[in-house]
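Student: I would like to learn how to read a protein model, going from its overall make-up to single residues. Could you take me through the ideas one at a time?

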Amino acid sequence: MFAIKKLDIFIAKQFGMLFTGTFFISLFVLMMQFLWRYVDDLIGKGLSLDILGQFFWYMSLMMVPQALPLAILLSSLISYGNLGESSELTAIKAAGISLIQSFRGLIVISILIALGSFYFQNNVGPNAQKHIAQLLISMKQKSPELEIPEGIFYDGIPQTNLYVERKDLKTGHLYNIMVYRMTDSYEDQAIILADSGMLQSTAEKKHLILNLWNGEWFENMRSQEMGSSASVPYRRETFAHKHIVLDFNGDFNLTDMAGISNDARTKSLAKISKDKDSLVHVYDSVGKAYYKDAQTIYYPSPKLQPAQLAEAKKIANNKNINIDSLFQKLPADQRRMVVDQALSTVQQEVSDLEFKSMITSDGDKMIRQHDIEAINKFTLSLICIIFFFIGAPLGAIIRKGGLGLPIIISVIVFIIYYILDNTGYRMSRQGTWAIWFGKGLSLAVLIPMAIFFTYKANNDSTVFNADMYKNMLMKMFGIRIKRSIQSKEVIINDPDYAKDTQILEEISTKITSYSQSRNLKSPPNIIKVFFRYHPDHTIEDIYEELEKVIEDLGNTRNRVIIAELNKYPILAVKAHTRPFDHRWLNILSAIIVPAGIFFYFRMWRFRLRLYRDLRTIIACNEAITKEIVNKGMDTRGLK
């Protein structure tokens, strides 16, 4: 028990140091990604250092819950990658400690981090989100001369809408300008058109100066004395240059949080639950009111006398009623009146419902947003634990530490999570998907991944062993390595040259007989390849005997023999008979036509290669036998 405790402390120290470093790296990367989205709101605004400090401080607090899962993933992967690369993980398993047992200390740490993440999201994060939104809105309202967009109307200046077709960022000139100036009265508006202009702020940041060139000014002249006049006089002015002063406070002022406080991201779990209940109550009342209005206006229940009601029920119970026949009995003018009235009623009802749906859809969106944010506080905490069970097993499997391969794998896993989570969030927010499905999509993919990697790592799987996939591809495409037999400096037992010579001669005889009995250059039989497999034990026995001779002759000091041994090909003794060892795989590959064609020509290629390899073996046998005879070698070595 003492050794296990020391091991937990040792692994926890490694993980703690890596977690601290990767957390700040992840936080920095996420902050830069967020900053890049709003860089236009910061540059050139003349913001003071304390405002920028607040912005970066709240931005870092807002990014902490997102940085924690990535830091756990990367640090756990590097920790166990380092243990595997330095063979410390092998020593741990050799001591009788399973991989899951070595996880237990970090599992506790990951759970504590997840709980801390939940507390942070529920208490610190909403406040940071509220302040960062307030700062962003305030920054956008400062120095609007830099915010003028191209091709759309800009309404950031009070009582003024400004349209600019094109602007020059180097000189600050605006081209093809349209200005709408409005006061409290609609009749007092002015429209200004100009070929070019410039918008600048005064030194005290209290006004904006709009210089316009080559344009026209249209303005209504209605005043209080002419309020009862039916016609509205206006004036038109053509100018070469016009100097307009607009009231605007360009100093940095924090906006009111009244509008921001309605955002679900700025609320704690208790606040979300309370506000959601209020929203549901309000919009349920609105829905009930709309339903009663529809019943009253479009589906009224006429008040009938008892006799009339009995007569109506009698007519309604008559199954032979034909509405079309009743309609045809009406005069033509009444039929037209009925159709027009029905069409007008439907159009009015559709327009009314469309207008009401705008209100109800906003309410549904707000309620969905509250549900999403409530679930998000739990999923972001749970993902910390899931990422540990992905990162630690992956590190134990790949056995690579450092900042190379672990970072690549971590980025891939995080991108998968980000795409799934962001897609589910957007679809849930729009109401296209159910909220539980959208927010559970990433968990549904990552939890099986974590279970799979943990199972494979605990069973010492080679699922991420690059050499295994390399050998698989080489085997599939028939790529083989060459022999590399080197002359030994110390030889304990010399080769038995006489016996090896005899065996090589027998192998050559067997190969000649084998080649005559089988036409390896001809195309293989499709039925025998995929459906009626017969093993070829002859070539397996020949190759086994040859390998024993090569192993024995590898102890020679003769360089000619060493050179000839390196010329022996490495045979694939089964690939020329069938694609796979299992019969059902051969049948399946034959049914799948593209795969069957590939494996058929692959096997034909192996038959042709075996034919060439057998000729090479005979040539090498003759060369080695001739060298042994010419040198007069016996079982004791060179004479």
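This is a predicted model: local features need pLDDT of at least 70, side-chain atom pairs count only at pLDDT 80 or more; totals for chains, interfaces and linings use all residues.

Student: How many helices and strands does the protein chain have?

Tutor: Helices (H or I, at least four residues) and strands (E, at least two) are DSSP runs, numbered from the N terminus. In this model the protein chain has 17 helices and 6 strands.

Student: What percentage of the residues in the protein chain is buried?

Tutor: A residue is called buried under 20% relative accessible area, exposed over 50%, and partly exposed in between, using a 1.4 Å probe and protein chains only. Here buried residues make up 38% of the 639 residues in the protein chain. A contact, for its part, means heavy atoms within 4.5 Å, and of the contacts in the protein chain with a separation of 6 or more, 73% are between residues 24 or more positions apart.

Student: What span does helix H12 reach from its first C-alpha to its last?

Tutor: The expected span of a helix is 1.5 Å times one less than its number of residues. Helix H12, residues 497-517, has 21 residues and reaches 30 Å, close to the 30 Å expected at 1.5 Å a residue. Helix H5, residues 269-297, has 29 residues and reaches 41 Å, close to the 42 Å expected.

Student: Which residues of H12 are buried, and which exposed residues does the face turned away from its buried side carry?

Tutor: The buried residues of H12 are Tyr497, Asp500, Thr501, Ile503, Leu504, Ile507, Ser508, Ile511 and Tyr514. Seen down the axis of H12, they fall within an arc of 165° (taken from the directions from the helix axis to the C-beta atoms), so they line one face of the helix. The face turned away from that buried side carries the exposed residues Ala498, Thr509, Gln516 and Ser517. As for partners, the buried residues of H12 pack against helix H14 (537-553), helix H15 (559-565) and helix H17 (593-631). In H5, Ile272, Asp275, Leu279 and Ala294 are buried, and the buried residues of H5 pack against H8.

Student: What volume does the largest pocket have, and which elements give two or more residues to its lining?

Tutor: On a 1 Å grid over the protein atoms alone, a cavity is a set of points where a 1.4 Å probe fits but cannot get out, whereas a pocket is an open set with protein on both sides within 12 Å along at least five of seven lines; lining residues have an atom within 4 Å of a point. Grid points are joined across faces, edges and corners, and a volume is the space filled by probe spheres set on the points. The largest pocket has a volume of about 1500 Å³ and is lined by 43 residues, of which Gln33, Arg37, Met63, Gln66 and Tyr418 lie nearest its centre. The elements that give two or more residues to this lining are helices H1 (2-37), H2 (49-85), H4 (99-140), H8 (332-398) and H9 (405-430), and the largest share, 12 residues, comes from H9.

Student: Which residues line the largest cavity?

Tutor: The count comes to 1 cavity of 30 Å³ or more, and the largest cavity has a volume of about 40 Å³. Its lining is made of Arg480, Leu571, Ala572, His576, Phe606, Arg609, Leu610 and Asp613.

Student: Where is Thr616 found, and with which residues is it in contact?

Tutor: Thr616 is found in helix H17 and is partly exposed, with a relative accessible area of 31%. Leaving aside its neighbours within four places in sequence, Thr616 is in contact with Lys567 and Pro569.

How values were computed
Residues are numbered from 1 along each chain as its sequence is written. Side-chain values use heavy atoms; hydrogens and water are left out.
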